[in-house]
Amino acid sequence: MNSFWHKQREGLITLVLLSPGLAGFFGLFFYPMLLTVILSFRPEGREVGWTLAHYARFLGDPAFRDVLGLTFSLAVGATVFSVLLSLPLALVLREKPKGNRLFRLSILLPMMMPHLISALGLLLFWSKRGWANLFLLTVLPFLKEPVAVNYTIPGLILFYVWLFYPYTCLTTLASLEALDRSIEEAAEVAGANRLRVLWHIVLPLIRPGVLAGSVLTFMMAFGAFSVPLVTGGNYRPLSVQIFTQATLYLEWSAASAMAVVMAMAQVTFLTIYMRVLRRPIA
Amino acid sequence: MSDYMIEFVNVTKRYGDIVANEHITLQIKRGELMTLLGPSGCGKTTALRCLTGHNHPDEGRIFIDGQDVTDLPTYKRNLGMVFQNFALFPHMTAFENVEFPLRIRGLSQSERREKVVEALKLVRLEGYGSHFPRQLSGGQQQRIGLARALVYRPSVLLLDEPLSNLDAKLREEMRFEIKDLQVRLGITAVYVTHDQEEALALSDRVAIMNKGRIEQVGTPEEIYERPGSQFVADFIGLSNFLEGTVTAVEGETTYLAVDNLSLGLATTAGARVGQRVLAFVRPNEVELAAPGTMSGPEVLEGVVEKMTYLGDKVDYRLRLGDRLMLRVQSGGTVRFKAGERVAVRLPMERCRVIGGGKA
């Protein structure tokens, strides 16, 4: 008996020390999620009974599939353009040009600002009489009409990129700066010009970092709520749709079902993404 | 065809106010292994980077095989280089690392395979092609680095402290391996190091650098036997410096007053009475004996201040007269203990004058 307690002591102490954290985890995270899942299987407005009706309704509805498609397109578009923007930016910043500290700080700006404020500001900036259009109309003589950005899909992607590219940019910059410069020099001495060094050496080596960053950007973009709510107009990605379903139509069970579908879609996509891109790096 | 494989002509490189290379002029012959030797910060790495094209000299020109490469980008210079930290491509296998320069040069797959296999054989790592760098030991990684630098037969092989990251025993082994390869391939090589022993063992000629300038260029023997400056004498091997005034010249012997001691030296051309000169003698060239057993103008007497037993030799620190300290190393057994008086013979032909002392 004595030896039993002796053996279990360390495990018990660990359990006791972990219990506040576990309680928080289950109470604040796991329990609400479980509730949402359960709610999604309940008939609307009831506390009892089980039904698959909500899932059947949404998954069979072409309009819902469009919403899912739109959410994906926005997130993928934002991720792709974030990577395309982050790579050259990080490559330049790595060389530490004059004023790069200010620039590095300004990368954080979209992360520090509340998304709602950013969204409103972007709407103003890109509106038909906003600064962006005033500038473009002045500079480009062939432009006869202001560019329509607000409430369009390219506009939404542009806003998403502005809001969520820092995640990709920072990780890209960090992996670039962790690279040993002599490896690139070795490739140069061996006969590779800068483009080939970039392609054969730098890009493969920073791939894990870029991947990690782009996953963050993707998740932020997929789950974005306040920005599409304010700037999306008729384009309503899943998060906005769920919000409408719950607060406007008060269909909580239906909204829960959508939320579960959204979570599943996100997890599935990310798993595939990681599998495809994350070939083991030597 | 130019006589020289590499020529630095009056190369100067500044970083802000710091002059890293000042009027470097150096010719390196075909098939020669030239070492740039000096303490850290002496400018040897800057000179090497000027040669690779990673630095652009502010003044002067650099020629490789008679061609002015000063403005040529690195990748067009056809150099091979071995790095201190190996700098292998971590995402490629050893085979792919060695293959990389050939792929860049657009060789066919069969040609590449043949040359890589040959290069791996050259560095005795035939079976290791499929290993990633992290699976190889330091010595093996550096040999892959060597194979990668040689596989495309560059016109020049550059080695930037290639042995510094290896342990002592391996370092000595690799030293001979590198030298052997260089001679077998007949390739011109520039070797950068701060390790004088390495430099003496490997080089056909050594360029000693100090504060951005080349102090002396010569064969290892010339550098060791006839150092051109106090810096060189001090940097290469151990030296005792004797600074004094010429008091008399009598035929073959010049008398020098060092502090309050009188010392005889072999007369060098142009020695004048009253001149300040700096002479040096190596610690292993000094002879010790019991007091009173030796005599002559080159014999002094002193006291052993400190004796250190080093196994194959014994290191004495002697005090001669009031202030002059002399370091002596002699082989064999301990013959004198601290506090004992000894007779010290500074052989005339081994006490060499290296120009005027600091006035």
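I looked up the domains first. Chain B splits into domain 1 (4–230) and domain 2 (240–353); the bounds come from an automatic or database domain assignment. Over C-alpha atoms, the centres of domain 1 and domain 2 of chain B are separated by 41 Å.

I noted the ground rules. This is a predicted model, where local features need pLDDT of at least 70, side-chain atom pairs count only at pLDDT 80 or more, and totals for chains, interfaces and linings use all residues. Residues are numbered from 1 along each chain as its sequence is written, while chains are lettered from A and ligands numbered from 1 in the order in which they are written.

I then took the overall build. Along the principal axes, the C-alpha atoms of chain B fill a box of roughly 80 × 45 × 35 Å. I found eight helices and 20 strands in chain B; these are DSSP runs numbered from the N terminus, helices being H or I with at least four residues and strands E with at least two. Of the 359 residues in chain B, 38% are buried. Buried here means 20 or more other C-beta atoms within 10 Å of the residue's own, exposed means 12 or fewer, and partly exposed is in between, with C-beta atoms placed from the backbone.

Next I picked helix H3 of chain B, residues 109–122. Its 14 residues reach 20 Å from first C-alpha to last, close to the 20 Å expected at 1.5 Å a residue. The expected span is 1.5 Å times one less than the number of residues.

Which residues of H3(B) are buried? I listed B:Arg112, B:Lys115, B:Val116, B:Ala119 and B:Leu120. Seen down the axis of H3(B), they fall within an arc of 135°, so they line one face of the helix. The arc is taken from the directions from the helix axis to the C-beta atoms. An α-helix has 3.6 residues a turn, so residues three or four places apart point the same way.

On the other side of H3(B), B:Ser110, B:Glu111 and B:Lys121 are exposed. The buried residues of H3(B) pack against helix H2 (94–104) and helix H4 (138–150) of chain B. B:Arg124 follows H3(B), with a positive phi near 60°.

Last, I checked the contact between chains. Chain B gives 19 residues and chain A gives 18, a contact being C-beta atoms, placed from the backbone, within 7 Å. On the chain B side, H2(B) gives the most, with three residues.

Terms used
Two residues are in contact if their C-beta atoms, placed from the backbone, lie within 7 Å.
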